[in-house]
Amino acid sequence: MSSAVSTVGGGGGLNKPSGPTELPTVPSSGFLARLSVRVHGFLSAFFYRKGVFIARYPKIIIMLTVALAFCCAAGFANFQQESNAEKLYTPQSAIAFTHRDIVEDAFGQPSFRCQVFAESKKGNEGLGVMSKDALLELFDAHEAVVRAQVKVDGETITFAGSGKNARCKRDDANTCAPLQGALSPWAHNRTKLENDADHVNTAINFFKANEQQSLESAFGGIRKDEKGVVTGARAATMIFELVREDEPIKGEPDGDKRSEALQLEIDKRVLELKTSHARILPLTEEGQDQVAGEALARDSSTLLSGSYFICILFGMYVLSQNNLVHSHMHLALWSVVSVGLSIMVSFGICNAAGIKFNSVVATLAFLLLGLGLDDTYVIMANYARVTNDERTKHLHSDERMARALSRAGSAITVTSITDFCAFAVGTATVLPALRDFCAYAAVGILADFFFQTTFFYAIAVLDARREDAKKMDCCCCFSVSEAKQTSSFCGSTPGTYDPKDPGLFTRFMGSTFPRVITSPVGKAVVLLVGVGLVVMGIVGSTQLETDFNIDWFVPDGTLIKETIRLRDRYWSGQNLPYAAFTQSGDYYAARDELEALCKAVKENKWTLKDSTRCWYDDYKTWQSNGGCDTVNDGASFAKCVHTFVSSPAGKRYNASVVFENFECGTVGTSQPACQIKASRVDALMVTLSNSRTQIKGMDETRIAVSVACPSLKSFAYSFIFIFIEGYKVIAWETLRNVLLAGVCVFLICVVLLANVQAAALVLFMVVCIDVCILGIGLKFLGFTFNSVTCILVVISVGLAVDYSAHVAHSFLFAEGDEDGDDGTNDARVRQALKHMCVPVLNGGLSTWFACCMLMFATSYVFTTYFLILTMIVIISLFYGLCVLPVLLSFVGPRGVAVAEGAALDIESAKEGRASPPSPVDVAL
């Protein structure tokens, strides 16, 4: 690579134009052109002065910036991580949270669920898990759960013990029996099963007579003969419930570490069982969260270091020369250090501000790595051009670096602003995961911009002095004679050094490739492929489903994942439970409304037939058969309902009605009168196949329930409604963020390009890229639209605009090619690609290299990030380097006039009377 630096224009997502055609030199006619020149002139002057100042005190600047980074890193002391899915992927203002608070206030917090599954082993194909031996092994698992205990903070937490440290949710008989399961027919008594001579029929008859459990809920993969008689089953399950702490523990506002520790102990005890007839697997909430968290942490630590190493190697390649003195390989390492400082600042400031870290934010380290390297390439590319220019190469290295920063600073600023705006608008979203990621990203981009133009620039100043002193790139303590500078060393390729001689790849991409795509056949092929991709994107976008499942975060190859697949294989498509809740009020006066509520739930088209359990219907039947003597007001009605739910006829509803005075003393005595606080009517929803039906089912069920019993403020609620609320807004929130980001990008491009037509073409490319990402990158790669993938759609705006904006910018200032075809759009396209094709490709490569190690990730967040970001890079490069040039060849705007003859006062610069270069100077 004989002239790597001279061909660099940027990496990753920020590909900045650099070179003689980089900035307008003379204000063209029109307000936009004059504004663009003024903006660029101001930025050029500012960065020139900044470069001169840093060059005076480079070592002090390095120490101060590092100290600043570590001061900001002090915010890590306030580090908090959010892993609660409902607090990440659902708007916190959703009505479902209000309903949940009401339900938990009346009925208590939901319990932790612990499931145990048994699957018949090979050789046990007859009755399978319904064989007595397999069921007895399931009993072993039952006993392992019941006997589980663990010490936490010096206290022994048990499952089936007594006192406040016992976590089992007891049934009506005050036993720690599972909520439901395959052992229910024998009342979870091993002896009964061992003595049962016809245990299969016992199980079948039990579930036939049981209204709360079915054979299908306890056994999976049920086999039947030709007469429909059950002959066995492949899997069985039982579900335990663990109650939460009565009072929140200090320092655990959202968790219960005692119950969580007990869940992990249950997992351990069940997995230690030795079985011969059935494979026993546990599934607890905490066990699942722990495996997902460990995978994310493992990927973050190992793969991030690998990505940094690869980016350092790629950076060394880009910044290298086949000359020991003029090579700048070691700067790649300092560029990565600069990125590391920006990550420290981003995470430190956001943590200090109370913005919690989450699994999605973990991808930011990879994103900033790609973006940070781009700024390095831009600065060093401009330094190479200043150094190789006959008019400036004999200036002092500090002056050359200042002029390089003057030229690079404008491009770095503009693209940093576009990326910053793309993420800043995302902080206004109601989706917590997206909002927090955008906050971290926005701060990180500004931090990266700061450290690249201070810390890294100061390092580059020292390196330029090393170059003037004729010392080695990799070993700056040693000087090298002119004759030995082209020797092979530190990756340099021996040979004659000519900084102006492009390499083979640069010649191909800068000369052959532009001619191919501007030929008639090339244009036809590019447009055909471009239109085809957009059509595929539109079709795919219309079919894209919104869905999210916390199980996706569990990596493949783990026992938890196997257990989840076992559960889904035999118990998939189960109907979701929901309930119609009523609040405090005059229940006696609202009897007709209670009846209407039961009817509304039963007749709701989203309710599974015969799944409704309405306490009021059964209460009326019981009352008509001589339940209570006198019921004539609210207190007597509540007293009668209490009597009903305490009787054998209504005992199944004892958890469906909550009383203010649970003891419900006799009316008229000194004890408080009985009063109903809340009640619930339970039911199951029909199978909801996709997000659209889930949203529609939730909304229509809510309406039906709320209008049925208004005096008791009835509402429908299910835990899954919290996540469906997120489905309702995620499409609009993402579209809003993309639109706002697009508007910001368009306005910045108008100022940068000084041409509305060119800015509109760039925006059109961004739209095409986003459509392709949605329809191809998501739909055809098998992803759904959710809070993880929507972040990548927002990222694509910032990345896509850079690939196209710089090609359009170069086209505006191109005059023609070496064939003498001056002024034609085809010639200007070829000239633009000659300057920008390799830099833009370097940009795509650096972005991809920054995340390439994620192909080995096991966590859902990282694998999704890698696949979709790869699609973003490929599609953005195609539209930026192929489709946009072809469109410019047809409908490209006129170029910007460039004046000639404005020369630099080299002597004044050499004598130390350097002044900020004007826009004309910058173009030189």
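**Notebook: strands, buried residues and a cavity**

I began with strand β8, where the bridge partner of alanine 118 is alanine 236. Before going further I noted that this is a predicted model, in which local features need pLDDT of at least 70 and side-chain atom pairs count only at pLDDT 80 or more, while totals for chains, interfaces and linings use all residues. I also noted that residues are numbered from 1 along each chain as its sequence is written, and that side-chain values use heavy atoms, with hydrogens and water left out.

**Entry 1**

I looked up what counts as a strand: a DSSP run of E with at least two residues, whereas a helix is a run of H or I with at least four residues, and both are numbered from the N terminus. Two strands are said to pair if DSSP finds at least two bridges between them.

Which strands pair with β8? Strand β1 (residues 112-120) runs antiparallel to β8 and is joined to it by eight bridges. β4 also pairs with β8 in the antiparallel sense, over two bridges, and there glycine 181 has methionine 238 of β8 as its bridge partner. Strand β5 (residues 219-220) is antiparallel to β8 as well, with two bridges, and phenylalanine 219 stands opposite alanine 236 in β8.

I then checked how covered β8 (residues 235-242) is, and found eight of its eight residues buried, where buried means under 20% relative accessible area, exposed over 50%, and partly exposed in between, with a 1.4 Å probe and protein chains only. Ala235, Thr237, Ile239 and Glu241 point one way from β8, Ala236, Met238, Phe240 and Leu242 point the other way, and all of them are buried. I wrote beside this that in a regular strand the side chains alternate between the two faces of the sheet.

**Entry 2**

I next turned to strands β2 (residues 149-152) and β3 (residues 155-158), which run antiparallel and are joined by four bridges; valine 150 has isoleucine 157 in β3 as its bridge partner. Their hairpin has two residues between the strands, and in it aspartate 153 takes a positive phi near 55 degrees.

**Entry 3: single residues**

Is aspartate 448 buried or exposed? This residue lies in helix α13 and counts as buried because its relative accessibility is 2%. I listed its contacts, meaning heavy atoms within 4.5 Å: leaving aside neighbours within four places in sequence, aspartate 448 touches Val339, Ser342, Leu371, Gly372 and Asp375.

With neighbours within four places in sequence left aside, serine 876 is in contact with Ile769, Ala800 and Tyr803.

Lysine 470 lies in the loop between α13 (432-468) and α14 (504-517), and I found that this residue has a positive phi of about 60 degrees although it is not a glycine. With a relative accessible area of 36%, lysine 470 is partly exposed.

**Entry 4: a cavity**

On a 1 Å grid over the protein atoms alone, a cavity is a set of points where a 1.4 Å probe fits but cannot get out, and its lining residues have an atom within 4 Å of a point. Grid points are joined across faces, edges and corners, and a volume is the space filled by probe spheres set on the points. How many cavities of 30 Å³ or more are there? I noted seven, and the second largest cavity holds about 70 Å³ of space. Its lining includes Tyr89, Asp547, Phe723 and Ser787.

Methods: 1 Å grid on protein atoms, 1.4 Å probe; cavity = no way out; pocket = protein on both sides within 12 Å on 5 of 7 lines; lining within 4 Å.
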